[in-house]
Structures are given as C-alpha cells and as structure tokens.
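These are my notebook entries on a structure that I had not examined before. I set down what I looked up, one topic at a time.

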Amino acid sequence: MSAGSGKAYTIDAQGLDTRRLNQELRKIVNNGHREIELLNVTGQRYIAAGLKGDFQIDIDGTPGNDLGAFMDGPTIRVHGNGQDGYGNTMNSGEIVVQGDVGDITGLSARGGRIFVKGNAGYRTGVHMKEFQGSRPIIVIGGSAGDYLGEYMAGGVVLLLGQGLEGNHQADFVGTGMHGGVIYLKGEVRGIGREVAILDITEDDRRFIEELVKDYTKHFNVDVKNVAEGDFKKLIPVSSRPYGTLYTY
C-alpha cells in the first residue's frame, strides 16, 4: 500500500482478503484521505460498507458482493464488472459501474444513486424505499433480469435498453410493488399484477433526460442516442397489495 504517484492513495488489493482490505480502507479514510484507488480487486466483499463522508474510491477489478452496503456519502467508481447486492441499504452517495452487475442491485436502498453502464441481474431495486426525503435512484444502461423492482416501496429505476435487440427478457416486473416508479425504454415480457403501465408525462420526460445526461457523463456515450425512444412508466396500483393476507 502506498500514497502513489498522484493525489490518490493507492491500495494494491492483490493477496488481501476481505477483512484486511476493508481494514486498510477504513484506516486511510480515518486518516483523512479523500481520493483512494484500489487495484487488483478480485471479489473482496463489503468494500466501503458503512463508510460515511465525502470522498471517492476508484476500483480496478471486480469487487465482491455488497459493495457500498449501508454507505452514506462516498462516490465509488468500478472500472470493471460487479457482483451482487451493490448499494445494499445504502443511505446516500453514488456507485458507478462501467460493466454489468449481478442480482439485487440496490437492495433496500434508502437513498443515493447507482449507475450501471451495462446490464443488471435479477431483482434489481428489490424493496427500495424512500426515507425522510431521500430517494434512491438506479439507472441501468442495458437490460435487467426477472423481478425488476420487486416489492419496491419507493425510489426510481430507469432501464435504458442500450444495445438491446428485441424486447427485454425481464418477467414479473414490479411484483409486489407498492411505491416508487420504474421507467423503461422498450417492452418487457411480463409485469406483476400489482403495477400498471402508463405513458410518460412531460415532467417524467424532463426527469428522465436529467438522469440520461448524468448517465452519458459517467460513461462518455452519446446522449441523443440514449434519450431517444419510447419510454414507459410503471407505477403500483395499490399501496398495500397484500393487505388481505394479514389479520390486522
């Protein structure tokens, strides 16, 4: 580990297990470093879990599950693909992934933003919620697996369909959804009975365009190409879809 040749403090993660890597990361954050570079990351889990503050972490490699869990403020940029559970119960901050991510991205997130250049796995946005004015947002450049937005209680998921040939293969979209909104370009295979599909309004389009601008800045792609197309809006039809299952 070293201070590196530039401004960023560098940690070479090769040979470090999850515990040691996170111990080193916490130590240098507590020492006041605000630009950190992690090299040769190969599956170490819980990176930046629970960290608070305004600082940046650039990751070279593939972090393991639960990157940024319970995170509150930092910005993480992953220069590679990701695994499962990124942004798990995140409060604030930003996670930017240059490749694809695995399942349950944004699980129970209460705030912050996640941008993924490529595709996401199953159950993206599951049980996201809004909390005291915080609104989690996930932007997926490509497509996503089944159960997109499952049990969503708040927040926003935007699916841009970049590189998609034909329809999204996602099925059961919005199953159990009772809050928040899903925007998507293209058609999905099937939606849960708890959601309705609407045309977007002018306010929706302006909101989508702002997110698309941020997406194009992160990934250096053409904004016009991304923003074009027919977007749909999925919203829940009930705030308590399973109320009859309970006895109180």
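Entry 1: I began with a cut-off: a residue counts as buried when its relative accessible area is under 20%. The model I consulted is predicted. I looked up I140, which belongs to strand β7, residues 137–140. Its relative accessibility is 0%, so I140 counts as buried. I then listed its contacts, leaving aside neighbours within four places in sequence: V116, G118, N119, A120, T124, L158, L159, L160 and G161. I also checked I140 against K27: the two are 113 residues apart in sequence, and their C-alpha atoms are 33 Å apart in space.

**Entry 2: a buried loop residue.** Next I turned to S108, which I found in the loop between β5 (92–97) and β6 (113–116). Is S108 buried or exposed? I recorded a relative accessible area of 15% for S108, which makes this residue buried. Not counting residues up to four places away in sequence, S108 touches T89, V126, H127, M128 and K129.

Entry 3: The largest nonpolar core here has 46 residues, and L25, L38, I47, I57, I59, I76 and I182 touch the most other members. A second, separate core holds 18 residues, among them L160, I200, I208 and F219. I recall L160 from the contact list of I140. Returning to I59, I found contacts with L38, V41, I47, L67, I76, R77, V78 and H79, leaving aside neighbours within four places in sequence.

**Entry 4: the whole protein.** I counted three helices and 11 strands. Along the sequence I read the pattern β-α-β-β-β-β-β-β-β-β-β-α-α-β. Buried residues make up 50% of the 248 residues. For a compact globule of 248 residues, I would expect a radius of gyration near 18 Å; the protein has 18 Å, so the two agree. Taken along the principal axes, the C-alpha atoms fill a box of roughly 55 × 50 × 30 Å. Of the contacts between residues at least 6 apart in sequence, 42% join residues at least 24 apart.

**Entry 5: surface and charge.** I recorded 26 positive and 31 negative side chains, the centres of the two sets lying 5 Å apart.

Technical notes
Residues numbered from 1 in each chain as written. Predicted model: local features only at pLDDT ≥ 70, side-chain atom pairs only at ≥ 80, totals over all residues. Heavy atoms only, no water. Core = buried A, V, L, I, M, F, W, Y, C linked by side-chain atoms within 4.5 Å. Buried < 20%, exposed > 50% of the residue type's maximum accessible area, 1.4 Å probe, protein only. Contact = heavy atoms within 4.5 Å. Helix = DSSP H or I, 4+ residues; strand = E, 2+ residues; numbered from the N terminus. Rg over C-alpha atoms; globule rule 2.2 N^0.38 Å. Lys, Arg positive; Asp, Glu negative; His and termini not counted. Charge placed at Lys NZ, Arg CZ, Asp CG, Glu CD.
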